[in-house]
Amino acid sequence: MKKGLLLFCAGLTLSWILGVAPSMALTIGGLVKQPLNLSATDLAKLESAVVRLNEVTRDNRFLGAFTYRGVPLRTLLGLAFVQKEESSFPKPLDLAVIVRNKEGKTAVLSWGEIFHRNAADILIAFSSEPVMPGHMKSCGACHGAKTYQPAIDQLTRKVGLPKLVVATDFFADRSIEDVVHIEVVEPKPAADKKQTKPPLFSPAIIVSGPSGKSVEVKDLAGYPRTETAVKEVSDGMGYHGVKPMSGAPLKDILTKTGMGLDADTAVLASSADNYRVLISYGELFLNPGGDRIMVADSAGGAPLKEGKFALVFPDDLAYDRTARALHKIEVVSLKDKARLFVIGVGSGDTNLLTLEAISFMGKADVFVASEDIRKRYSKYMGDKPVLFDPFASMKHPDKEKPGSPTGAAKEALAMERAQNNRLIEDALKQGRNVAVLEYGDPTIYPPWHRWMEDALKARVETIVPGLSAFNASNAMIAKNLACKGGSLVLSSPWALAQNEEMVKAAHSRGDTVAVFMGVRELASLAPVLLRHYPPSTPLTIVYRAGYSAGGHVVKTTLGDAIATASRDMEKHLAMVYIGPCLR
């Protein structure tokens, strides 16, 4: 089975490299080892299930009745290989899965409701078919058009696919359309100090909310009582019988203590030994089974033997989410504020894109990208909007049109950049994540630092590393560029001209100097180098590093560098190296 999954992932990777541009792109990221990017065609290749959903929301809006075919979300998460990195609790029971659509609307699910219930209950649908009333032609005999036509219109509407379908929810608020990203998150990686000596016991439950408010629950007096039989079937320990248990519904405790749950929150329950489980808002308040999730204080008519309270899930197919010696119940917010990312997309072909870059592209609602990047990475961007092409405003302001007033081009360029910055600000105000896609390493001579205003630079929360032209060039040279145990100097022609002492020091130590943008400035760079290096010094030019088409290495000497470079058509995508390690 694992071999089949690996072959499928390899097939997906091949489709990414070929650059097929589908009508949609669904990405899976977060705490996964294999971020995925899936098209409708990819989804249709996987084993699917069919469910019917009668879609009514909590505010009593009818959105139609449809039959959906889709892939279980559990299957997709399995392909992505969900795994925590560093965590004080290694099990996945406290993980949340956040599904996001192209408008930025989210739906939150718990790990337990996905993996401890039947797989077909939660699907990512790739096709839909309306369930039309059998007597639709006679609707007018009983109702006026104002009564029946709105419902018929919902049945004939275009459903936004892919769609999250939560078939077990009574209300369809979480069944969102036009899904673009699925992210696995751990709401609270750090844990409190845990009890280590048996027997486990906690005299009270601390119930807290996002505002910091907390309430201590010492007993269940005053809460409605409920009783149910629980099947103890553990994935690890097997079957241990049926146990009658009694307590209070968790949702009643949360409501009475006033913790203010909403659709973007989840409940994180912890035992005295920091065993943790997560419950989603929808699992409690949209699913009829939410009434049966219980804080128990007795089993078989007697107080619990281990701990004063336990959180139990009678409808789970595995008993593993049971939290004995329940100590804390926290309402945690999973609402994500609008964020600004800068993502490195590599120095050449699309196969140099990192998995993290794919994941963060999935989180974005809008992009800032060049036309070249937009075309080559459309597989990952889908049909999300691009605000502007930053390279269109990278013209030198001194190259004015003939006859224009002095400074007019510079002023026009400043106005264009200011307008572009406003577009980003407006998107962030609308709650949309903005991703700036940059070539190579976004921190080495980055173009975005030239056009982005300081106020927006301060809002960049994440920079996703990208493979630099320096790294790709090193691989093409295929040598140890620090062969004498010295240093590698990264610079530009202008920086070297302003710091000849560094050039002199690099030569004396035998360091390798790598120069970005060196070829197009070689006429001014060569005299600087010749003042400190002999003409016979090895010099290497790497053209189009990272590109399978046109990438090549030219070896020459400092004395012949200008003549050698003049014979090549490429003047921009090239790096220059100089130093004895190039021999």
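Biologist: In this predicted model, which strands form the open sheet, and in what order?

Modeller: The open sheet is formed by 4 strands in the order 22-23-21-24, with parallel pairing.

Biologist: What makes strand 22 and strand 24 stand at the edges?

Modeller: Strand 22 (366–368) and strand 24 (460–464) each have a single partner strand, so one side of each is left without a neighbour in the sheet. On average, neighbouring strands are turned by 25 degrees against each other, direction ignored.

Biologist: How do you know that strand 21 and strand 23 pair?

Modeller: Pairing needs at least two bridges. Strand 21 (residues 340–344) and strand 23 (residues 434–438) are joined by 5 bridges and run parallel, so they pair. One of the bridges links Leu 340 to Val 434 in strand 23.

Biologist: Which strands does helix 9 touch?

Modeller: Helix 9 (residues 355–363) packs on the sheet and touches strand 21, strand 22, strand 23 and strand 24. Its direction makes about 145 degrees with that of strand 21.

Biologist: Why is the link of Cys 483 and Cys 581 called a disulfide?

Modeller: The cut-off is sulfur atoms within 2.5 Å. The sulfur atoms of Cys 483 and Cys 581 are 2.0 Å apart, so the pair counts as a disulfide. The link is left-handed, with -90 degrees about the S-S bond.

Biologist: Why is Cys 581 called buried, and what is Cys 483?

Modeller: Buried means under 20% relative accessible area. Cys 581 has 6% relative accessibility, so Cys 581 counts as buried. Cys 483 has 40%, which lies between 20% and 50%, so Cys 483 is partly exposed.

Conventions: Residues numbered from 1 in each chain as written. Predicted model: local features only at pLDDT ≥ 70, side-chain atom pairs only at ≥ 80, totals over all residues. Heavy atoms only, no water. Helix = DSSP H or I, 4+ residues; strand = E, 2+ residues; numbered from the N terminus. Axes fitted to C-alpha atoms, helices over the stretch in contact; angles between N-to-C directions. Contact = heavy atoms within 4.5 Å. Buried < 20%, exposed > 50% of the residue type's maximum accessible area, 1.4 Å probe, protein only.
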